[in-house]
Amino acid sequence: MVDPAGTSDIDRNVRKFCLLSSLAILAVIGISLTGCQKSQDSQAATIKIGMAGAQTGSDGQIGLSMLNGSKIAIDEWNAKGGVLGKKIETIALDDEGKPDKAVTVAQTLVDDGVVAVIGHFNSGCTIPASRRYNDAKILEISPGSTNPQYTEQGFPYAFRICGRDDQQGPVAATYMHDKLKLNKIAILHNKTAYGEGLATIVKNTFEKLGGTVVMFQGIGENERDFRANISVMKGSGAEGFFWGGMYSQGGPLCIQLRQAGLNIPFVSDDGCFDPSFINTVGNTPDVYLSFGKDYHGIPAAETFMAKYRATYNQEEGSYSVYGYDAANALLTAMAQAQTTDADKVAAVMKSQPFDTILGKIEFDSKGDVKGSNYVMWTIKDGKLQVLPDGA
C-alpha cells in the first residue's frame, strides 16, 4: 500500500529497521565504553589516598605532624607491597587551617581521583570539606577533628579516630569544678567551630555542676594582644580560666595572664597539647590540658616515635600517633573489604575492632570511636604529664 504522501509500507519498515539498528549499535558502544572505563579503573597503577590538613599558618606545626604520622604508616604498607596488590600514592594538600581553602582542597582531591582522605585536622575545615567527599562517595577519616557536628551530619563515609568535644569538654569542666574546687570561671575562645564549640560545652557543663561562668568571650584567630580580655577577667572575680583554642594563641595568652598578676589555674584543650605551647609557657604553674591517655611506654608507640624522629629529625607532635592510627585503620579496612569502594570499606570499619597504638578501637554507626579516653594533663619539669586524678 502507498499512503497519500507516496510512502509504501516497505519504506516505513526499512526506516524502522534502520532506526532500531542504530539504537542497538549506540547501546553496544555505550556498554563498551563503560566497560573500558571500569577496566581502566581496575588497572590503575596505584591507589590514591588524599592527605589534607594545615601544613602552614598558625596551626601548621600540629597539622603537619599529623600528616607525617599518616605518611609513616603508608610507607610501611608500601614496603610490604601496598594494599590490594598496588602501591599507595599519596596526594598531600595544605588547607592552611582555613575553611574556604579546605573546600578547594577537597574538590581538588576529588578531581584527582583519590579513593579516600586522611584529614582534615581543624574541625572548621573538616566539616565543610566532608560535604564534598560525601557527595563524591569518598571515605574520610579525621585524626584530629573533635567538633561533634562532623559526624552528626549523617554522612556514611565520615570517620574520626580521635574523641569528640562533648566527651572532652565535660572532662575539663568537671576537673575544674570537682578537683580544683573552682566556683567561678572565665572562658575565652577563638571563634572557630572547634574553639567556640568546645568552650560552649565547657560552659554548659560547668554551670550544670553548679558553677558560674563570669565571662564568656571570643577573639579572632590572629589576635595576640589579650589585655582587654584580661582586664575584664580581672574584674570578674574568676577563680579559674578556660581557653578554647589552639597553642599559637594559648601560649602567649597564658604568659600575659601571669604578667597581669592573674595566677589562677589556666585550663585548655587538645589544641594546646603541642611542644610549641610547652616551649612558650615553660614551667608556668597551674596549667592543665585535656587530651587522650598517655601512650608513652607502649612498645608499639615507642617504635613509632623512634621512626618518626629518625624520619623527620624532630619530636613527634601530639597528633602524629592519631595520624598513624587513622591511616592503618583505613588501609586495614580496605584490605579486608578487598576493594576501595567507600560503601564496602565503611561497612568493614563499622563492623569490627582495630588494633592501634591507642589501643583496640571500634567505630559506631556515626563513624565515631566508641568510648572516651580523655584525661587531664599538667606541666612538670618542662614536660606534659598525666594527672593521677585526671580521669
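Q: What does lysine 380 touch, not counting residues up to four places away in sequence?
A: In this predicted model, lysine 380 touches Asn283 and Gln385. Contact here requires heavy atoms within 4.5 Å. Lysine 380 itself is found in strand E13, residues 375–380. Its C-alpha is 9.2 Å from that of glycine 282, although 98 residues separate lysine 380 and glycine 282 in sequence.

Q: Why is lysine 380 called partly exposed?
A: The relative accessible area of lysine 380 is 48%. Buried means under 20% and exposed means over 50%, with partly exposed in between. The value of 48% falls between these limits, and therefore lysine 380 is partly exposed.

Q: Why is the pair of phenylalanine 121 and tyrosine 319 called edge-to-face?
A: A search of the whole structure finds 15 aromatic pairs. For phenylalanine 121 and tyrosine 319, the ring centres are 5.4 Å apart and the planes stand at 70°. Rings pair if their centres lie within 6.5 Å, and planes over 60 degrees apart count as edge-to-face.

Q: What makes phenylalanine 354 and phenylalanine 363 an edge-to-face pair?
A: Their ring centres are 6.0 Å apart and their planes are at 65°. The distance is within 6.5 Å and the angle is over 60 degrees, so the pair is edge-to-face. Both phenylalanine 354 and phenylalanine 363 are buried.

Q: How do you know that lysine 80 lies over the face of tryptophan 77?
A: Lysine 80 is at 5.1 Å from the ring centre of tryptophan 77. The criterion asks for NZ of Lys within 6 Å of the ring centre and within 35 degrees of the ring normal.

Q: Why is H2 called roughly perpendicular to H10?
A: The axes of helix H2 (residues 60–79) and H10 come within 11 Å and cross at roughly 105°. Angles of 65 to 115 degrees count as roughly perpendicular, so H2 is roughly perpendicular to H10. The residues of this contact divide into 4 nonpolar, 3 polar and 3 charged.

Technical notes: Residues numbered from 1 in each chain as written. Predicted model: local features only at pLDDT ≥ 70, side-chain atom pairs only at ≥ 80, totals over all residues. Heavy atoms only, no water. Phe/Tyr/Trp six-rings, centres within 6.5 Å; stacked < 30°, edge-to-face > 60°. Buried < 20%, exposed > 50% of the residue type's maximum accessible area, 1.4 Å probe, protein only. Axes fitted to C-alpha atoms, helices over the stretch in contact; angles between N-to-C directions. Helix = DSSP H or I, 4+ residues; strand = E, 2+ residues; numbered from the N terminus. Parallel < 35°, antiparallel > 145°, perpendicular 65-115°, else oblique. Nonpolar A, V, L, I, M, F, W, Y, C, P; charged D, E, K, R; others polar.
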